[in-house]
Amino acid sequence: MPVGFASRAERFSSIFAVWLYSFAAYQPIMFALSPNDFVEQVMAERTASVERNTLETQIKVSINLDGSGKASFDTGVPFFEHMLDQIARHGLIDLDIYCKGDLHIDDHHTVEDVGITLGQAFAKAVGDKKGMTRYGHSYVPLDEALSRVVIDFSGRPGLQMHVPFTRAVVGGFDVDLFQEFFQGFVNHAQVSLHIDNLRGVNTHHQIETVFKAFGRALRMAVELDPRMAGQMPSTKGVL
Ligand SMILES: [Mn+2]
């Protein structure tokens, strides 16, 4: 019998304990992430799919915050899809949106509920927001029109939308509904969003600059900052 061990079982458990201890002790060194590893690891996870069904609309939204701007839409509202496409393209966010809504009434429920569901998908995809830039802003011109969008993933919903539309309808679309879309998004993504159309005569230009600036502001805000790796973009510790 070897000195110090009463039995084979005790000897084995001592060796196992030493192995377990050294594994635990070295684990932080073995698995420590560099800032760029952190960004890559988090990026792999920043996708979300949300399904939302009511008596008015049935919606499926899938997003990838670290995408390349690929998009597919099936909502039955062409001008709205033209605007959603700006978010994907200029936000470099992959976006799949399907909505079967009560368009025989009007576009209202479809547009508002897509905003709500997209907001839910964003809230899910940003997760705990660790390492995220948090704030985003952009100015986008289109000929005579100029818009500014500023966003904060603050965890608190708030919308300021100042767009003096020059016409009530654009591309067969009621311009009132843009406010409904952004309000739905803001409430569920839990963001502060300030939208200002600073200039513009052509209604199509006015709203297109808003959506392009919204896309670019989103891109900036959700971007992972390697220097922030693992930290919350808030002195409060949570958002
Ligand atoms: Mn256009």
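Tutor: Gladly! A residue is buried if 20 or more other C-beta atoms lie within 10 Å of its own, exposed if 12 or fewer, and partly exposed in between, with C-beta atoms placed from the backbone. This is a predicted model, where local features need pLDDT of at least 70, side-chain atom pairs count only at pLDDT 80 or more, and totals for chains, interfaces and linings use all residues. Residues are numbered from 1 along each chain as its sequence is written.

Student: Why is Gln190 called partly exposed?

Tutor: Gln190 has 18 other C-beta atoms within 10 Å, so it is partly exposed. Gln190 sits in the loop between helix 5 and strand 10 (192-199). Its phi is positive, about 60°, although Gln190 is not a glycine.

Student: And what makes Leu92 buried?

Tutor: Leu92 has 20 other C-beta atoms within 10 Å, so it counts as buried. Leu92 lies in the loop between helix 3 (78-91) and strand 4 (94-101). Here too there is a positive phi in a residue other than glycine, near 50°.

Student: How many helices and strands are there?

Tutor: The protein chain has six helices and ten strands. They are DSSP runs numbered from the N terminus: helices are H or I with at least four residues, strands are E with at least two. Of the 239 residues in the protein chain, 36% are buried.

Student: Why is helix 5 called largely enclosed?

Tutor: Ten of its 14 residues are buried, so helix 5 is largely enclosed by the rest of the structure. Among them are Phe178, Phe181, Phe182 and Phe185. The buried residues of helix 5 pack against helix 4, strand 7 (158-162), strand 9, strand 10 and helix 6.

Student: What makes helix 4 roughly parallel to helix 5?

Tutor: Axes are lines fitted to C-alpha atoms, for helices over the stretch in contact, and angles run from 0 to 180 degrees between N-to-C directions. Angles under 35 degrees count as roughly parallel, over 145 as roughly antiparallel, 65 to 115 as roughly perpendicular and the rest as oblique. Helix 4 (residues 108-126) and helix 5 (residues 176-189) pack at about 25°, with their axes 7 Å apart. That is why helix 4 is roughly parallel to helix 5. Residues in the contact include Val111 and Ile116 of helix 4 and Phe181 and Phe185 of helix 5. By class, this contact has twelve nonpolar, eight polar and three charged residues. Nonpolar means Ala, Val, Leu, Ile, Met, Phe, Trp, Tyr, Cys and Pro; charged means Asp, Glu, Lys and Arg; the others, Gly among them, are polar.

Student: Which residues of helix 3 meet helix 6?

Tutor: Met83, Gln86, Ile87, Arg89, His90 and Gly91 of helix 3 do. Two residues are in contact if their C-beta atoms, placed from the backbone, lie within 7 Å. Helix 3 and helix 6 pack at an angle of about 35°, with their axes 7 Å apart. The residues of this contact divide into six nonpolar, four polar and five charged.
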